[in-house]
Amino acid sequence: MIGGALLVLIGLVWTLTDLSCGRSEWCIGPGGVQRTWRGRLGPVLVVIGVLVLSLTATAAPQKAAAPAPAAVRIPEASAMYRRWVEQAVTEEWGVDGSPARLAAQIHAESSWNAKARSPVGAEGLTQFMPATSKWIADKFPDKLGGFDPWDPQQAALAAAIYDRWLADRNPGTGACSTWSFALSAYNGGEGRLHAEQLLASKAGRDRGRWFGHVADMRARSPDAWRENRTYVHRILTVLEPAYINAGWAGKAACV
């Protein structure tokens, strides 16, 4: 591209500044139009330069503009439950926790609707199934005895506790993979996650890494697999950064 433009520029300069040929033997003759060798060569360089520019533009791959990320609208209802989310994260993760991440998860689960009920029976702000609500209350009686998934404060705490339990049981290579595993298990169960980690190992992938490795494996129905991958990707790469940008505390796990 630069070479073609340079040829055109030189050719134009030689052509336009060729006012006499007194210093060259390339003149046509004393009585005719007199031109220097630069003047005769100038138009040729212009033509060659234009051809080079044309060929370069044709051969160069066109890079498509990256689509602008979709804007995330933070529901106003999140302000009502923010204090409880922050308390739950601090209780489970300390000062290094990310309220923005739990907020992103609640956004994905119920869009901050404490009365949400899914078609399959998941309940409340953090969409616990009844069986899971009973299990977590029995598992952590000191914190969640009598757990009510319809209570927003209890639901936020239960989600933080469950996330911590899953993350501790399914560590990955780095925070991004650890949280990807935890969220994948929260959404679709540990059994499916472990089966896909095994598939990753058999395929020569790294079972400790999510994106590009375990995330590419499937040990569930196509629809369930797409839902699970969208859930993890959206929370960690779209919603958590959006909540951080909106002023929620935390550091994005996947940057």
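The backbone oxygen of Pro75 lies 2.7 Å from a polar atom of the Ser78 side chain. Such a polar contact is a pair of N or O atoms within 3.5 Å, where within protein one must be able to donate a hydrogen and the other to accept it, and residues adjacent in sequence count only if both atoms are side-chain atoms. The model is predicted: local features need pLDDT of at least 70 and side-chain atom pairs count only at pLDDT 80 or more, while totals for chains, interfaces and linings use all residues. Residues are numbered from 1 along each chain as its sequence is written, and side-chain values use heavy atoms, with hydrogens and water left out.

**Two residues of helix α3**

Ser78 belongs to helix α3, residues 78-93. Helices here are DSSP runs of H or I with at least four residues, numbered from the N terminus. Ser78 has a relative accessible area of 5% and is buried; buried means under 20% relative accessible area, exposed over 50%, and partly exposed in between, with a 1.4 Å probe and protein chains only. With neighbours within four places in sequence set aside, Ser78 is in contact with Trp112 and Trp248, contact being heavy atoms within 4.5 Å.

Glu92 is also found in α3. Glu92 is buried, at a relative accessible area of 11%. Its side chain makes a polar contact of 2.7 Å with the side chain of Lys143. Leaving aside neighbours within four places in sequence, the contacts of Glu92 are Lys143, Ala160, Ile161 and Arg164.

The relative accessible areas given for single residues are collected here.

| Residue | Relative accessible area | Class |
|---|---|---|
| Ser78 | 5% | buried |
| Glu92 | 11% | buried |
| Cys254 | 13% | buried |
| Gly146 | 66% | exposed |

The expected span is 1.5 Å times one less than the number of residues. Because 11 of the 12 residues of α4 are buried, this helix is largely enclosed by the rest of the structure. Just after α4, Ser111 takes a positive phi of about 55°.

In soluble globular proteins, nonpolar side chains tend to be buried together. The largest nonpolar core in this model has 50 residues. A nonpolar core is a set of buried Ala, Val, Leu, Ile, Met, Phe, Trp, Tyr and Cys residues joined through side-chain atoms within 4.5 Å. The residues with the most contacts inside this core are Val85, Leu102, Trp112, Phe128, Ile136, Leu144 and Leu236. At least two residues of the core come from each of α3, α4 (99-110), α5 (130-139), α7, α8, α9 and α10. Helix α7 gives the largest share, 11 residues.

Leu236 is in contact with Arg101, Cys176, Trp179, Ser180, Leu183, Pro241, Ala253 and Cys254, leaving aside neighbours within four places in sequence.

**The disulfide**

A search of the whole structure finds 1 disulfide, defined as a pair of cysteine sulfur atoms within 2.5 Å. This disulfide joins Cys176 to Cys254, with an S to S distance of 1.9 Å. The link is right-handed, with 95° about the S-S bond. Cys176 lies in helix α8 and Cys254 in the segment after α10, so the pair ties together parts that are 78 residues apart in sequence.

**Helix α9**

Helix α9 (residues 190-202) has 13 residues and reaches 18 Å from its first C-alpha to its last, close to the 18 Å expected. Its buried residues are Glu190, Leu193, Glu196, Gln197 and Ala200. Seen down the helix axis, these residues fall within an arc of 125°, so they line one face of α9; the arc is that of the directions from the axis to the C-beta atoms. The face turned away from the buried side carries exposed Gly191 and Lys202. Cover for the buried residues of α9 includes α7 (152-169), α8 (175-188) and α10 (222-245). Just after α9, Gly204 has a positive phi of about 80°.

**An exposed glycine**

Gly146 sits in the loop between α6 (141-144) and α7. Gly146 and Lys134 are 12 residues apart in sequence and 8.5 Å apart in space, C-alpha to C-alpha. Not counting residues up to four places away in sequence, Gly146 touches Ala137 and Gln154.
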